[in-house]
Amino acid sequence: MQVDAVAHWGQKLGCDPREYEDAYSVGASGDTDVWTLSDTSRRLRVAVSDGATESMLSGRWAGVLAKQYTASSRAQMRTSIRRAQDRWPRVLHDYKAAREHADKPIAWYEEPGLDRGAHATLLVAEFRARAESEPGMWTAEAVGDSCLFQVAGDALVCAFPFTEAAQFDTSPALVQTGQRNRRLLDKHCRRAAGSYRDGDTFFLCTDALAAWFLAQAERKAEPWRIWRGFSAAAGAAAFREWTAVERSAGRLKNDDVTLLTVSMA
Amino acid sequence: MPYTAEISRANPTCFVFVVDQSGSMQDQIGGGEVVQRKAQVVSDAINRLLYELTLKCAKEEGVRDYFHVACLGYGASVGSAFAGALREREMVPLSEIATNPARLEERTKKTPDGAGGLVEQTVKFPVWLDPVADGGTPMTQALAQARRLVSDWVDAHPSCFPPVVLHLTDGESTDGDPSTATQGIMSLLSTDGNALLFNLHVSSAGGTPATFPDNDAALPDQFAKLLFSISSYLPEHMKVYAKQQGLATSDGTRGFVYNADVTSIVQFLDIGTRASDLR
(Lines give C-alpha, C1' and ligand atoms only; values in the text may rest on other atoms or scores of the structure.)
Protein backbone atom coordinates (compact mmCIF):
# COMPACT_ATOMS: atom_id res chain seq x y z
CA MET A 1 0.00 0.00 0.00
CA GLN A 2 1.28 3.42 -0.90
CA VAL A 3 0.94 6.17 1.65
CA ASP A 4 1.14 9.82 0.74
CA ALA A 5 1.83 12.21 3.61
CA VAL A 6 1.79 15.95 2.98
CA ALA A 7 2.04 18.75 5.50
CA HIS A 8 0.97 22.36 5.24
CA TRP A 9 1.48 24.97 7.90
CA GLY A 10 1.21 28.66 8.51
CA GLN A 11 1.85 31.11 11.29
CA LYS A 12 -0.78 33.20 12.98
CA LEU A 13 -1.76 36.28 10.95
CA GLY A 14 0.35 39.21 12.14
CA CYS A 15 3.25 36.97 13.21
CA ASP A 16 6.58 36.26 11.61
CA PRO A 17 7.08 32.71 10.23
CA ARG A 18 9.81 32.30 12.87
CA GLU A 19 7.11 32.70 15.49
CA TYR A 20 5.22 29.60 14.29
CA GLU A 21 4.93 27.36 17.36
CA ASP A 22 3.30 24.23 15.97
CA ALA A 23 5.38 21.31 14.78
CA TYR A 24 4.87 18.12 12.84
CA SER A 25 6.98 15.14 11.99
CA VAL A 26 6.70 12.13 9.73
CA GLY A 27 8.74 9.03 10.43
CA ALA A 28 10.31 8.71 7.06
CA SER A 29 12.85 6.41 5.58
CA GLY A 30 14.19 8.83 3.03
CA ASP A 31 13.52 12.34 1.88
CA THR A 32 10.34 11.66 0.00
CA ASP A 33 6.74 12.44 0.88
CA VAL A 34 5.63 9.02 -0.33
CA TRP A 35 6.07 5.81 1.64
CA THR A 36 5.13 2.29 0.75
CA LEU A 37 3.65 0.06 3.42
CA SER A 38 3.99 -3.08 1.38
CA ASP A 39 5.88 -4.92 4.05
CA THR A 40 3.64 -5.89 6.97
CA SER A 41 6.46 -5.15 9.38
CA ARG A 42 6.57 -1.52 8.32
CA ARG A 43 4.95 1.29 10.20
CA LEU A 44 4.49 4.92 9.36
CA ARG A 45 4.54 7.24 12.34
CA VAL A 46 3.34 10.82 12.33
CA ALA A 47 3.04 13.49 15.02
CA VAL A 48 1.56 16.97 15.37
CA SER A 49 2.21 19.27 18.29
CA ASP A 50 1.06 22.76 19.24
CA GLY A 51 3.20 24.93 21.54
CA ALA A 52 1.26 27.02 24.07
CA THR A 53 1.14 30.78 23.47
CA GLU A 54 1.73 31.58 27.15
CA SER A 55 4.86 29.46 27.40
CA MET A 56 8.51 30.14 26.63
CA LEU A 57 10.23 28.00 23.98
CA SER A 58 6.98 26.16 23.34
CA GLY A 59 7.66 25.93 19.60
CA ARG A 60 10.98 24.20 20.24
CA TRP A 61 9.34 21.87 22.71
CA ALA A 62 6.63 21.02 20.16
CA GLY A 63 9.39 20.17 17.67
CA VAL A 64 11.26 17.99 20.16
CA LEU A 65 8.07 16.10 21.07
CA ALA A 66 7.01 15.49 17.49
CA LYS A 67 10.45 14.39 16.27
CA GLN A 68 11.08 12.17 19.28
CA TYR A 69 7.97 10.13 18.54
CA THR A 70 8.70 9.58 14.87
CA ALA A 71 12.38 8.88 15.51
CA SER A 72 11.40 5.63 17.19
CA SER A 73 9.77 2.75 15.41
CA ARG A 74 8.21 1.15 18.49
CA ALA A 75 8.13 3.43 21.51
CA GLN A 76 4.72 4.39 22.86
CA MET A 77 3.89 8.05 23.15
CA ARG A 78 4.49 7.99 26.89
CA THR A 79 8.02 6.66 26.36
CA SER A 80 8.78 9.19 23.64
CA ILE A 81 7.59 11.99 25.93
CA ARG A 82 9.93 10.80 28.66
CA ARG A 83 12.82 10.72 26.19
CA ALA A 84 11.93 14.22 24.98
CA GLN A 85 11.92 15.40 28.60
CA ASP A 86 15.34 13.80 29.05
CA ARG A 87 16.59 15.79 26.06
CA TRP A 88 15.11 19.09 27.14
CA PRO A 89 17.84 20.23 29.56
CA ARG A 90 20.33 20.02 26.69
CA VAL A 91 18.00 22.02 24.39
CA LEU A 92 17.61 24.65 27.10
CA HIS A 93 21.33 24.76 27.77
CA ASP A 94 22.06 25.23 24.06
CA TYR A 95 19.45 27.98 23.83
CA LYS A 96 20.94 29.87 26.76
CA ALA A 97 24.45 29.40 25.38
CA ALA A 98 23.35 30.77 22.01
CA ARG A 99 21.81 33.80 23.70
CA GLU A 100 24.97 34.37 25.66
CA HIS A 101 27.04 34.00 22.52
CA ALA A 102 24.84 36.53 20.71
CA ASP A 103 25.30 38.95 23.63
CA LYS A 104 21.58 38.78 24.40
CA PRO A 105 21.46 37.57 27.99
CA ILE A 106 18.23 36.18 29.40
CA ALA A 107 16.02 39.07 30.58
CA TRP A 108 14.22 39.14 33.95
CA TYR A 109 10.88 38.55 32.26
CA GLU A 110 12.14 35.39 30.54
CA GLU A 111 13.56 33.70 33.63
CA PRO A 112 10.27 32.65 35.30
CA GLY A 113 8.97 31.18 32.03
CA LEU A 114 12.19 29.29 31.33
CA ASP A 115 12.21 27.99 34.92
CA ARG A 116 8.62 26.87 34.59
CA GLY A 117 9.29 24.97 31.37
CA ALA A 118 7.54 24.67 28.03
CA HIS A 119 4.08 23.34 27.25
CA ALA A 120 2.61 21.78 24.09
CA THR A 121 -0.15 19.46 22.92
CA LEU A 122 0.85 16.20 21.27
CA LEU A 123 -1.02 14.00 18.82
CA VAL A 124 0.67 10.90 17.43
CA ALA A 125 -0.50 8.19 15.05
CA GLU A 126 0.94 5.00 13.68
CA PHE A 127 -0.19 3.25 10.51
CA ARG A 128 0.59 -0.43 10.05
CA ALA A 129 0.31 -2.41 6.85
CA ARG A 130 -1.46 -5.75 6.70
CA ALA A 131 -1.31 -8.55 4.23
CA GLU A 132 -2.77 -7.77 0.82
CA SER A 133 -6.57 -7.40 0.69
CA GLU A 134 -6.79 -6.97 4.44
CA PRO A 135 -7.35 -3.54 6.00
CA GLY A 136 -4.42 -1.71 7.54
CA MET A 137 -4.46 -0.79 11.21
CA TRP A 138 -3.92 2.56 12.88
CA THR A 139 -3.53 3.71 16.43
CA ALA A 140 -3.43 7.23 17.85
CA GLU A 141 -2.70 8.87 21.17
CA ALA A 142 -3.27 12.48 22.17
CA VAL A 143 -2.75 14.91 24.99
CA GLY A 144 -4.65 18.13 24.32
CA ASP A 145 -6.70 19.41 21.43
CA SER A 146 -4.73 18.58 18.30
CA CYS A 147 -7.03 16.26 16.36
CA LEU A 148 -7.13 13.36 13.93
CA PHE A 149 -9.97 12.84 11.46
CA GLN A 150 -10.43 9.71 9.34
CA VAL A 151 -12.48 10.08 6.20
CA ALA A 152 -13.60 7.09 4.10
CA GLY A 153 -15.33 7.97 0.86
CA ASP A 154 -17.56 10.85 1.88
CA ALA A 155 -18.01 9.86 5.49
CA LEU A 156 -16.24 11.08 8.59
CA VAL A 157 -15.41 7.76 10.22
CA CYS A 158 -13.50 8.99 13.24
CA ALA A 159 -12.84 12.28 15.04
CA PHE A 160 -10.26 12.04 17.79
CA PRO A 161 -9.84 13.11 20.58
CA PHE A 162 -12.48 15.85 20.18
CA THR A 163 -15.75 15.16 18.42
CA GLU A 164 -17.51 18.53 18.74
CA ALA A 165 -16.44 22.09 17.92
CA ALA A 166 -17.75 23.23 21.31
CA GLN A 167 -15.05 21.23 23.12
CA PHE A 168 -12.26 23.66 22.24
CA ASP A 169 -11.15 26.31 24.72
CA THR A 170 -7.92 28.07 25.67
CA SER A 171 -6.87 25.58 28.35
CA PRO A 172 -6.24 22.21 26.69
CA ALA A 173 -4.20 19.50 28.42
CA LEU A 174 -0.51 20.05 27.66
CA VAL A 175 2.66 18.01 27.83
CA GLN A 176 5.18 19.83 29.99
CA THR A 177 8.95 19.64 29.88
CA GLY A 178 9.14 19.03 33.62
CA GLN A 179 6.00 17.06 34.40
CA ARG A 180 7.04 13.45 34.82
CA ASN A 181 4.08 12.27 36.84
CA ARG A 182 2.99 9.20 34.90
CA ARG A 183 -0.41 9.05 36.55
CA LEU A 184 -1.21 12.63 35.51
CA LEU A 185 -0.09 12.01 31.96
CA ASP A 186 -2.16 8.83 31.72
CA LYS A 187 -5.16 10.70 33.09
CA HIS A 188 -5.01 13.19 30.23
CA CYS A 189 -3.88 10.83 27.46
CA ARG A 190 -6.57 9.69 25.02
CA ARG A 191 -6.22 6.67 22.77
CA ALA A 192 -7.97 5.46 19.65
CA ALA A 193 -7.46 2.69 17.11
CA GLY A 194 -9.08 1.51 13.93
CA SER A 195 -8.58 0.11 10.48
CA TYR A 196 -8.21 1.72 7.10
CA ARG A 197 -8.54 0.77 3.47
CA ASP A 198 -7.30 2.08 0.15
CA GLY A 199 -8.71 5.53 -0.50
CA ASP A 200 -9.07 6.53 3.16
CA THR A 201 -7.67 9.88 4.21
CA PHE A 202 -6.41 10.93 7.64
CA PHE A 203 -6.12 14.59 8.61
CA LEU A 204 -4.00 15.49 11.64
CA CYS A 205 -4.20 19.13 12.63
CA THR A 206 -3.84 21.68 15.39
CA ASP A 207 -6.79 23.20 17.22
CA ALA A 208 -7.90 26.11 15.01
CA LEU A 209 -8.19 23.86 11.96
CA ALA A 210 -9.76 21.07 14.00
CA ALA A 211 -12.41 23.40 15.43
CA TRP A 212 -13.16 24.66 11.92
CA PHE A 213 -13.41 21.11 10.55
CA LEU A 214 -15.81 19.94 13.25
CA ALA A 215 -17.95 23.06 12.98
CA GLN A 216 -18.26 22.49 9.22
CA ALA A 217 -18.97 18.79 9.68
CA GLU A 218 -21.69 19.63 12.21
CA ARG A 219 -23.48 21.64 9.54
CA LYS A 220 -23.04 18.81 6.99
CA ALA A 221 -20.62 20.84 4.89
CA GLU A 222 -18.19 17.95 4.17
CA PRO A 223 -15.01 19.93 4.96
CA TRP A 224 -12.78 17.06 3.85
CA ARG A 225 -13.59 17.93 0.25
CA ILE A 226 -11.76 21.23 0.71
CA TRP A 227 -8.81 19.72 2.56
CA ARG A 228 -8.34 16.94 0.04
CA GLY A 229 -7.56 19.70 -2.45
CA PHE A 230 -4.44 20.52 -0.42
CA SER A 231 -3.10 17.00 -0.31
CA ALA A 232 -0.60 17.43 -3.11
CA ALA A 233 2.58 19.28 -2.28
CA ALA A 234 1.52 21.90 -4.82
CA GLY A 235 -1.42 22.69 -2.57
CA ALA A 236 0.66 24.93 -0.30
CA ALA A 237 -0.38 28.12 -2.04
CA ALA A 238 -4.03 27.05 -2.09
CA PHE A 239 -3.82 26.23 1.63
CA ARG A 240 -2.40 29.67 2.42
CA GLU A 241 -5.06 31.37 0.36
CA TRP A 242 -7.82 29.32 1.95
CA THR A 243 -6.67 30.07 5.52
CA ALA A 244 -6.57 33.78 4.71
CA VAL A 245 -10.14 33.70 3.38
CA GLU A 246 -11.49 31.68 6.30
CA ARG A 247 -9.77 33.90 8.85
CA SER A 248 -11.07 37.09 7.31
CA ALA A 249 -14.57 35.60 7.24
CA GLY A 250 -14.27 34.84 10.95
CA ARG A 251 -14.74 31.11 10.46
CA LEU A 252 -11.15 30.14 11.28
CA LYS A 253 -9.58 31.35 14.51
CA ASN A 254 -6.39 33.32 13.99
CA ASP A 255 -3.82 30.85 15.28
CA ASP A 256 -0.87 28.87 13.97
CA VAL A 257 -2.18 26.17 11.64
CA THR A 258 -0.76 22.76 10.80
CA LEU A 259 -2.43 20.20 8.56
CA LEU A 260 -0.84 16.82 7.96
CA THR A 261 -2.73 14.75 5.41
CA VAL A 262 -2.08 11.02 5.19
CA SER A 263 -3.67 9.44 2.13
CA MET A 264 -3.91 5.69 1.65
CA ALA A 265 -3.59 5.25 -2.06
CA MET B 1 -20.86 38.12 20.85
CA PRO B 2 -19.08 40.77 22.96
CA TYR B 3 -15.71 40.34 24.68
CA THR B 4 -14.44 37.80 22.16
CA ALA B 5 -12.11 39.99 20.09
CA GLU B 6 -8.62 38.64 19.56
CA ILE B 7 -5.92 40.33 21.62
CA SER B 8 -2.81 40.41 19.44
CA ARG B 9 -0.08 42.74 18.29
CA ALA B 10 -2.21 43.53 15.23
CA ASN B 11 -5.23 44.17 17.45
CA PRO B 12 -3.92 45.17 20.90
CA THR B 13 -5.96 46.45 23.78
CA CYS B 14 -5.10 48.71 26.68
CA PHE B 15 -4.96 48.59 30.44
CA VAL B 16 -5.39 51.84 32.37
CA PHE B 17 -4.51 51.90 36.05
CA VAL B 18 -5.88 54.78 38.10
CA VAL B 19 -4.25 54.86 41.50
CA ASP B 20 -5.13 56.94 44.55
CA GLN B 21 -1.98 58.65 45.86
CA SER B 22 -3.72 61.06 48.25
CA GLY B 23 -2.61 61.77 51.81
CA SER B 24 -5.10 59.26 53.27
CA MET B 25 -3.18 56.46 51.54
CA GLN B 26 -0.60 56.95 54.29
CA ASP B 27 -3.00 55.16 56.66
CA GLN B 28 -2.36 51.60 57.61
CA ILE B 29 -4.53 48.56 57.04
CA GLY B 30 -4.30 45.00 58.26
CA GLY B 31 -3.66 43.65 61.69
CA GLY B 32 -1.37 41.43 63.70
CA GLU B 33 2.02 41.02 62.07
CA VAL B 34 0.86 42.16 58.62
CA VAL B 35 0.33 45.90 58.71
CA GLN B 36 0.88 47.90 55.55
CA ARG B 37 0.30 51.40 54.39
CA LYS B 38 -2.47 51.62 51.80
CA ALA B 39 -0.06 53.33 49.40
CA GLN B 40 2.22 50.29 49.63
CA VAL B 41 -0.69 47.91 49.05
CA VAL B 42 -1.83 49.62 45.84
CA SER B 43 1.66 50.13 44.41
CA ASP B 44 2.46 46.46 45.13
CA ALA B 45 -0.79 45.46 43.43
CA ILE B 46 0.05 47.40 40.27
CA ASN B 47 3.66 46.18 40.22
CA ARG B 48 2.44 42.58 40.56
CA LEU B 49 -0.14 43.07 37.81
CA LEU B 50 2.45 44.54 35.45
CA TYR B 51 4.79 41.67 36.33
CA GLU B 52 2.12 39.05 35.57
CA LEU B 53 1.02 40.83 32.40
CA THR B 54 4.62 41.00 31.19
CA LEU B 55 5.27 37.31 31.89
CA LYS B 56 2.04 36.41 30.10
CA CYS B 57 3.25 38.12 26.94
CA ALA B 58 6.96 37.17 27.16
CA LYS B 59 8.35 35.09 24.31
CA GLU B 60 11.84 34.29 23.13
CA GLU B 61 12.13 37.35 20.92
CA GLY B 62 10.87 39.71 23.65
CA VAL B 63 7.62 40.81 25.17
CA ARG B 64 4.79 41.05 22.66
CA ASP B 65 2.73 44.21 22.59
CA TYR B 66 -0.65 42.61 23.13
CA PHE B 67 -1.32 45.36 25.65
CA HIS B 68 -0.50 49.02 26.06
CA VAL B 69 -0.54 50.35 29.58
CA ALA B 70 -1.19 53.70 31.23
CA CYS B 71 -0.86 54.39 34.92
CA LEU B 72 -2.47 57.56 36.28
CA GLY B 73 -1.91 58.68 39.85
CA TYR B 74 -3.97 61.26 41.69
CA GLY B 75 -3.16 63.13 44.88
CA ALA B 76 -1.22 66.36 44.98
CA SER B 77 -1.61 66.28 41.19
CA VAL B 78 -3.06 64.07 38.46
CA GLY B 79 -0.74 62.46 35.93
CA SER B 80 1.42 59.52 35.00
CA ALA B 81 2.45 57.55 38.09
CA PHE B 82 5.31 55.64 36.50
CA ALA B 83 8.71 56.03 38.14
CA GLY B 84 12.07 55.84 36.41
CA ALA B 85 12.51 56.06 32.65
CA LEU B 86 8.74 55.94 32.02
CA ARG B 87 8.07 58.95 34.24
CA GLU B 88 5.42 61.23 32.69
CA ARG B 89 4.64 58.72 29.93
CA GLU B 90 0.94 58.00 29.40
CA MET B 91 0.15 55.01 27.15
CA VAL B 92 3.18 52.71 26.96
CA PRO B 93 3.53 49.49 24.90
CA LEU B 94 4.05 46.47 27.16
CA SER B 95 7.47 45.72 25.63
CA GLU B 96 8.67 49.12 26.85
CA ILE B 97 7.15 48.47 30.26
CA ALA B 98 9.16 45.23 30.39
CA THR B 99 12.46 46.83 29.54
CA ASN B 100 12.01 49.93 31.68
CA PRO B 101 11.18 49.13 35.30
CA ALA B 102 12.41 51.85 37.66
CA ARG B 103 14.48 49.14 39.36
CA LEU B 104 14.72 45.41 39.89
CA GLU B 105 14.45 44.32 43.51
CA GLU B 106 15.33 40.89 44.78
CA ARG B 107 12.64 39.14 46.75
CA THR B 108 12.40 35.70 48.23
CA LYS B 109 9.57 33.31 47.55
CA LYS B 110 8.92 29.83 48.82
CA THR B 111 8.64 27.12 46.21
CA PRO B 112 8.07 23.35 46.51
CA ASP B 113 11.36 21.45 46.86
CA GLY B 114 9.99 18.34 45.20
CA ALA B 115 10.12 16.37 48.44
CA GLY B 116 7.04 17.79 50.11
CA GLY B 117 8.78 20.78 51.64
CA LEU B 118 9.39 24.37 50.70
CA VAL B 119 12.60 26.08 49.74
CA GLU B 120 13.30 29.79 49.61
CA GLN B 121 14.23 31.12 46.20
CA THR B 122 15.44 34.58 45.25
CA VAL B 123 13.53 36.12 42.36
CA LYS B 124 13.82 39.43 40.59
CA PHE B 125 10.86 41.70 41.20
CA PRO B 126 10.56 44.75 38.95
CA VAL B 127 9.18 47.99 40.35
CA TRP B 128 7.51 50.55 38.11
CA LEU B 129 5.54 52.38 40.75
CA ASP B 130 6.55 53.65 44.18
CA PRO B 131 4.14 54.20 47.06
CA VAL B 132 3.04 57.83 47.21
CA ALA B 133 0.63 59.48 49.70
CA ASP B 134 0.27 63.22 49.39
CA GLY B 135 -2.47 65.84 48.92
CA GLY B 136 -6.19 65.63 48.28
CA THR B 137 -8.22 63.01 46.42
CA PRO B 138 -9.15 64.36 42.96
CA MET B 139 -10.72 61.05 41.96
CA THR B 140 -13.24 62.52 39.54
CA GLN B 141 -10.55 64.47 37.71
CA ALA B 142 -8.36 61.36 37.42
CA LEU B 143 -11.21 59.19 36.15
CA ALA B 144 -12.05 61.87 33.57
CA GLN B 145 -8.45 61.72 32.41
CA ALA B 146 -8.66 57.93 32.21
CA ARG B 147 -11.80 58.34 30.12
CA ARG B 148 -9.87 60.52 27.70
CA LEU B 149 -7.12 57.89 27.38
CA VAL B 150 -9.65 55.11 26.77
CA SER B 151 -11.59 57.26 24.32
CA ASP B 152 -8.43 57.99 22.32
CA TRP B 153 -7.60 54.28 22.39
CA VAL B 154 -10.93 53.02 21.05
CA ASP B 155 -10.91 55.74 18.40
CA ALA B 156 -7.56 54.42 17.18
CA HIS B 157 -8.39 50.71 17.77
CA PRO B 158 -12.13 50.43 17.07
CA SER B 159 -12.20 46.61 16.95
CA CYS B 160 -10.05 45.94 20.00
CA PHE B 161 -10.96 43.84 23.00
CA PRO B 162 -12.55 46.50 25.23
CA PRO B 163 -10.03 48.43 27.35
CA VAL B 164 -9.78 47.55 31.03
CA VAL B 165 -9.56 50.30 33.64
CA LEU B 166 -8.48 49.31 37.14
CA HIS B 167 -9.07 51.93 39.80
CA LEU B 168 -7.31 51.45 43.14
CA THR B 169 -8.39 53.66 46.04
CA ASP B 170 -9.45 53.95 49.67
CA GLY B 171 -12.64 55.46 48.36
CA GLU B 172 -12.84 58.98 49.71
CA SER B 173 -13.09 61.40 46.78
CA THR B 174 -12.57 65.10 47.50
CA ASP B 175 -13.75 66.41 44.14
CA GLY B 176 -17.27 65.07 44.00
CA ASP B 177 -19.20 61.95 43.14
CA PRO B 178 -17.14 59.83 40.69
CA SER B 179 -20.22 58.08 39.27
CA THR B 180 -20.56 60.35 36.25
CA ALA B 181 -16.88 59.90 35.35
CA THR B 182 -17.08 56.12 35.72
CA GLN B 183 -20.26 55.99 33.62
CA GLY B 184 -18.31 57.94 31.01
CA ILE B 185 -15.61 55.26 30.96
CA MET B 186 -18.03 52.33 30.81
CA SER B 187 -20.02 53.97 28.01
CA LEU B 188 -17.01 53.90 25.69
CA LEU B 189 -17.27 51.19 23.07
CA SER B 190 -15.22 49.16 20.70
CA THR B 191 -17.01 46.88 18.27
CA ASP B 192 -16.43 44.12 20.85
CA GLY B 193 -18.18 45.75 23.80
CA ASN B 194 -18.01 48.43 26.47
CA ALA B 195 -14.84 49.35 28.33
CA LEU B 196 -14.57 47.53 31.65
CA LEU B 197 -14.05 49.25 34.99
CA PHE B 198 -12.68 47.31 37.94
CA ASN B 199 -12.30 48.83 41.40
CA LEU B 200 -9.94 47.70 44.13
CA HIS B 201 -10.92 49.19 47.47
CA VAL B 202 -8.21 49.20 50.15
CA SER B 203 -9.87 50.14 53.38
CA SER B 204 -9.17 50.30 57.09
CA ALA B 205 -12.88 49.89 57.81
CA GLY B 206 -12.36 46.17 58.38
CA GLY B 207 -14.95 43.59 57.45
CA THR B 208 -14.49 40.53 55.30
CA PRO B 209 -12.31 40.78 52.19
CA ALA B 210 -14.34 40.26 49.02
CA THR B 211 -13.36 39.29 45.47
CA PHE B 212 -15.89 39.92 42.70
CA PRO B 213 -19.02 39.90 44.89
CA ASP B 214 -22.52 39.98 43.40
CA ASN B 215 -24.08 42.20 46.07
CA ASP B 216 -22.98 44.84 48.55
CA ALA B 217 -24.64 43.46 51.66
CA ALA B 218 -21.40 42.46 53.37
CA LEU B 219 -19.48 45.60 52.43
CA PRO B 220 -18.72 47.69 55.52
CA ASP B 221 -19.31 51.30 54.48
CA GLN B 222 -20.74 53.74 51.95
CA PHE B 223 -17.42 54.06 50.08
CA ALA B 224 -17.19 50.33 49.45
CA LYS B 225 -20.84 50.21 48.39
CA LEU B 226 -20.34 53.16 46.03
CA LEU B 227 -17.27 51.57 44.41
CA PHE B 228 -19.16 48.28 44.05
CA SER B 229 -22.03 50.08 42.33
CA ILE B 230 -19.74 51.78 39.80
CA SER B 231 -17.86 48.60 38.82
CA SER B 232 -18.63 46.77 35.56
CA TYR B 233 -20.54 43.51 35.56
CA LEU B 234 -18.13 40.69 34.72
CA PRO B 235 -18.51 39.45 31.13
CA GLU B 236 -19.51 35.78 30.83
CA HIS B 237 -16.08 34.42 29.93
CA MET B 238 -14.51 36.25 32.87
CA LYS B 239 -17.07 34.66 35.18
CA VAL B 240 -15.97 31.27 33.86
CA TYR B 241 -12.35 32.09 34.76
CA ALA B 242 -13.46 33.43 38.16
CA LYS B 243 -15.25 30.13 38.80
CA GLN B 244 -12.08 28.25 37.85
CA GLN B 245 -10.35 30.25 40.58
CA GLY B 246 -12.92 28.96 43.05
CA LEU B 247 -15.09 32.07 43.19
CA ALA B 248 -18.88 31.97 43.19
CA THR B 249 -20.44 34.10 40.46
CA SER B 250 -23.91 35.13 39.35
CA ASP B 251 -25.52 37.60 36.94
CA GLY B 252 -24.81 40.32 39.51
CA THR B 253 -21.07 39.67 39.83
CA ARG B 254 -19.08 42.87 39.43
CA GLY B 255 -15.44 43.72 38.91
CA PHE B 256 -14.97 44.86 42.50
CA VAL B 257 -12.39 43.68 45.03
CA TYR B 258 -12.37 44.69 48.69
CA ASN B 259 -9.07 44.36 50.60
CA ALA B 260 -8.04 41.34 48.52
CA ASP B 261 -5.72 40.36 45.68
CA VAL B 262 -6.73 41.70 42.29
CA THR B 263 -3.87 40.13 40.29
CA SER B 264 -6.19 37.38 39.05
CA ILE B 265 -7.73 39.72 36.47
CA VAL B 266 -4.68 39.10 34.28
CA GLN B 267 -5.96 35.55 33.96
CA PHE B 268 -9.28 36.88 32.63
CA LEU B 269 -7.58 37.98 29.40
CA ASP B 270 -7.05 35.55 26.55
CA ILE B 271 -4.05 35.90 24.26
CA GLY B 272 -3.93 32.27 23.13
CA THR B 273 -3.35 28.83 24.60
CA ARG B 274 -2.71 29.05 28.33
CA ALA B 275 0.27 27.27 29.81
CA SER B 276 -1.86 25.21 32.19
CA ASP B 277 -0.16 22.52 34.23
CA LEU B 278 -1.72 19.06 34.22
CA ARG B 279 -3.90 18.39 37.25
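Q: Which residue of β8(A) does A:L148 stand opposite?

A: In this predicted model, A:L148 faces A:F160, a residue of β8(A). The two strands involved are β7(A) and β8(A), which run antiparallel and are joined by 5 bridges.

Q: What joins β8(A) to β7(A) in their hairpin, and which residue takes a positive phi there?

A: The hairpin has 2 residues between the strands. A:G153 takes a positive phi near 60° in this hairpin.

Q: Which other strand of chain A is joined to β7(A) by bridges, and how do the two run?

A: Strand β11 of chain A, residues 201–205, is joined to β7(A) by 5 bridges, and the pair runs antiparallel. Within this pairing, A:F149 is found opposite A:F203 of β11(A).

Q: Is strand β7(A) mostly covered or mostly open?

A: Strand β7(A), which spans residues 147–152, is mostly covered, with 5 of its 6 residues buried.

Q: How is the packing of two helices described, and at what angle do the axes of α3(B) and α4(B) cross?

A: Two packed helices are described by the angle between their axes and the distance between the axes. The axes of α3(B) and α4(B) cross at roughly 10° and come within 9 Å. The two helices are therefore roughly parallel to each other. On the α3(B) side, the contact is made by B:T140, B:L143, B:A144, B:A146, B:R147 and B:V150, and on the α4(B) side by B:A181, B:T182, B:G184 and B:I185. These contact residues divide into 6 nonpolar, 3 polar and 1 charged.

Q: How many residues does each chain bring to the contact between chains A and B?

A: The size of an interface is often given as the accessible area lost when the parts come together. Here the contact is described by its residues: 24 from chain B and 26 from chain A. On the side of chain B that touches chain A, α1 (38–56), β4 (58–59) and β10 (118–127) each supply at least two residues. Of the elements there, α1(B) gives the most, with 3 residues. The residues of this side of chain B comprise 10 nonpolar, 5 polar and 9 charged.

Terms used. Residues numbered from 1 in each chain as written. Chains lettered and ligands numbered in written order. Predicted model: local features only at pLDDT ≥ 70, side-chain atom pairs only at ≥ 80, totals over all residues. Buried ≥ 20, exposed ≤ 12 C-beta atoms within 10 Å, placed from the backbone. Helix = DSSP H or I, 4+ residues; strand = E, 2+ residues; numbered from the N terminus. Pairing = 2+ DSSP bridges. Contact = placed C-beta atoms within 7 Å. Nonpolar A, V, L, I, M, F, W, Y, C, P; charged D, E, K, R; others polar. Axes fitted to C-alpha atoms, helices over the stretch in contact; angles between N-to-C directions. Parallel < 35°, antiparallel > 145°, perpendicular 65-115°, else oblique.
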